[in-house]
Amino acid sequence: TLLILLVVKMSDPSVLPINKVVVSGKLQHLQKSELRSIVRSGLGGRGFFRVNVNEIQDLLMEQPWIDEAVVRRVWKDTLLINIKEQIAVAVWGKGAFLNTVGEIFRPETPSKISGLVRFTGPEGFEQVMLEHYGLITNKLSNTSIVIAEVVLSDRGSWTLITSDRKELIFGKQFLSQRLER
């Protein structure tokens, strides 16, 4: 009976409420206060023993700028949240970005990030475009040509637009050989 009473008492959210939400990680596009607010809304008034860290982690992962979120309970009233932000390596179309593994993410309010190349192409070819862009920049590293946009048409034709708005049209075959020329 005593054990049952102890379990019932400990599951009461007023006994051990979550009082602190500590957010860590290198954040550039997210605000700690916003993340704390999201976490507090996910607590649902539950105390230390009843809070579902997986549910809060899933709630955080719905945010487009979050690549990874780790949620831990720390005795007796704290939640530790460690956030790893997405790293945008390219702009995808309008209002979206590509991360380092070629996945598209769409923030609700897109940030202006200077220096990113713009990719335009059919969805499903993000990783192919990212790989080809890596090869292209490697080949052009010894030149003064700076690529501002990479366009892959629906037909598979490649066009590179330089920072001074010159178009380099490569067609769909032998991209590497044509780039070498």
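A residue is called buried here if its relative accessible area is under 20%, exposed if over 50% and partly exposed in between (1.4 Å probe, protein chains only). The model is a predicted one, in which local features need pLDDT of at least 70 and side-chain atom pairs count only at pLDDT 80 or more, while totals for chains, interfaces and linings use all residues. Residues are numbered from 1 along each chain as its sequence is written, and side-chain values use heavy atoms, with hydrogens and water left out.

We may start with the aromatic residues. At 5% relative accessibility, Trp65 counts as buried, and Phe97, at 3%, counts as buried too. The structure holds four aromatic pairs, where rings of Phe, Tyr and Trp (its six-membered ring) pair if their centres lie within 6.5 Å, and planes under 30 degrees apart count as stacked, over 60 as edge-to-face and the rest as tilted. One of them joins Trp65 and Phe97 in a tilted arrangement, 5.5 Å centre to centre with 40° between the planes. Trp65 sits in the loop between helix 3 and strand 2 (66–74) and Phe97 in strand 5 (residues 96–98), so this pair ties together parts 32 residues apart in sequence; helices (H or I, at least four residues) and strands (E, at least two) are DSSP runs, numbered from the N terminus. Together with Phe105, Trp65 and Phe97 form one aromatic cluster.

Elsewhere, Phe119 and Tyr133 are both buried. Phe119 belongs to strand 7 (residues 117–120) and Tyr133 to helix 4 (residues 126–139), so their pair ties together parts that are 14 residues apart in sequence.
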